[in-house]
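Hello,

I am passing on the structure we discussed.

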Amino acid sequence: MNKNNHPKFSISVGAAVFIVAFFAVGDARLLLLIFIAAGGHELGHYAALRFCGGRVSELRLGITGVSMRHQHSTAYADEILIASGGPMASAVLSSISAIAARLTQADITYQLAGMSLLLCLFNLLPVLPLDGGRILYAAISSRSANPTIADRVTCVTSCAVIFFALTAGAYVLVVTGTNFTLLITAGWMLIHYCKSGNNSIKYVGYDYRNNKRF
């Protein structure tokens, strides 16, 4: 934490290039919706962390989203609340946007509702490092005296979900010939899960107190 107790903010080169390229050749409104949906999600995590007495030391905008670093020792119940804060906020934002869409019939509110709902459901998948994987790990750890059980269970669920997503994504691409969205998403999950396990699929431990995996 810096001297003013304000979190540091940084942006990766990849994220900066993506934003500039998206504005140059893409739909600026879509990028705005992505930022609103992602911002609401991260705000939920932040609110839950502050509720549990923690402070964010660093915010970093990367090509895959926003990451928060914090130094906060909590009970597993608090960790579950912090991990659940993002999906809960996305669900609330989706509901509010859906109500606004029915009242205004504006396309942008319909899109925001769908995007926020999708972000909520995606992050609840029991895959590390997604929120669902973190919730599952903390829930099992809180009830088991054996620290390897949570590692084994989250390893199995992560690999199973990723394998299913890769298979489904490949099938959709073969059938449609053009739709590779699910395949890319599955690849993203695989890459980030492997990175969390030192570039190989294996049992992954999560050190919640230092916000890192081991």
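Arg134 and Asp131 both sit in helix α5 (residues 131–143), and because they are 3 residues apart there, about one helical turn separates them. The two form a salt bridge, with their closest N and O atoms 3.5 Å apart. That distance falls inside the cut-off, since a salt bridge needs a side-chain nitrogen of Lys or Arg within 4 Å of a carboxyl oxygen of Asp or Glu. Arg134 and Asp131 are both buried. The count for the model is 1 salt bridge. Please keep in mind that this is a predicted model, and that the distances here are computed from it.

Next, the aromatic rings. The count comes to 1 aromatic pair. The pair consists of Phe122 and Trp188, whose ring centres are 6.0 Å apart and whose planes meet at 50 degrees, so the pair is classed as tilted. The label follows because planes under 30 degrees apart count as stacked and those over 60 as edge-to-face, with the rest called tilted. Phe122 belongs to helix α4 (residues 107–123) and Trp188 to helix α7 (residues 181–196), so the contact ties together parts that are 66 residues apart in sequence. Trp188 is partly exposed, its relative accessible area being 25%.

On the cysteines: the count is 0 disulfides. The sulfur atoms would have to lie within 2.5 Å to be called a disulfide. Cys159 is likewise in no disulfide, its nearest cysteine sulfur being that of Cys155.

One last item concerns Leu49, which is found in helix α2 (residues 28–51). Is Leu49 buried or exposed? Leu49 is buried, with a relative accessible area of 1%.

Regards

Methods
Residues are numbered from 1 along each chain as its sequence is written. This is a predicted model: local features need pLDDT of at least 70, side-chain atom pairs count only at pLDDT 80 or more; totals for chains, interfaces and linings use all residues. Side-chain values use heavy atoms; hydrogens and water are left out. Rings of Phe, Tyr and Trp (its six-membered ring) pair if their centres lie within 6.5 Å; planes under 30 degrees apart count as stacked, over 60 as edge-to-face and the rest as tilted. Helices (H or I, at least four residues) and strands (E, at least two) are DSSP runs, numbered from the N terminus. Buried means under 20% relative accessible area, exposed over 50%, partly exposed in between (1.4 Å probe, protein chains only).
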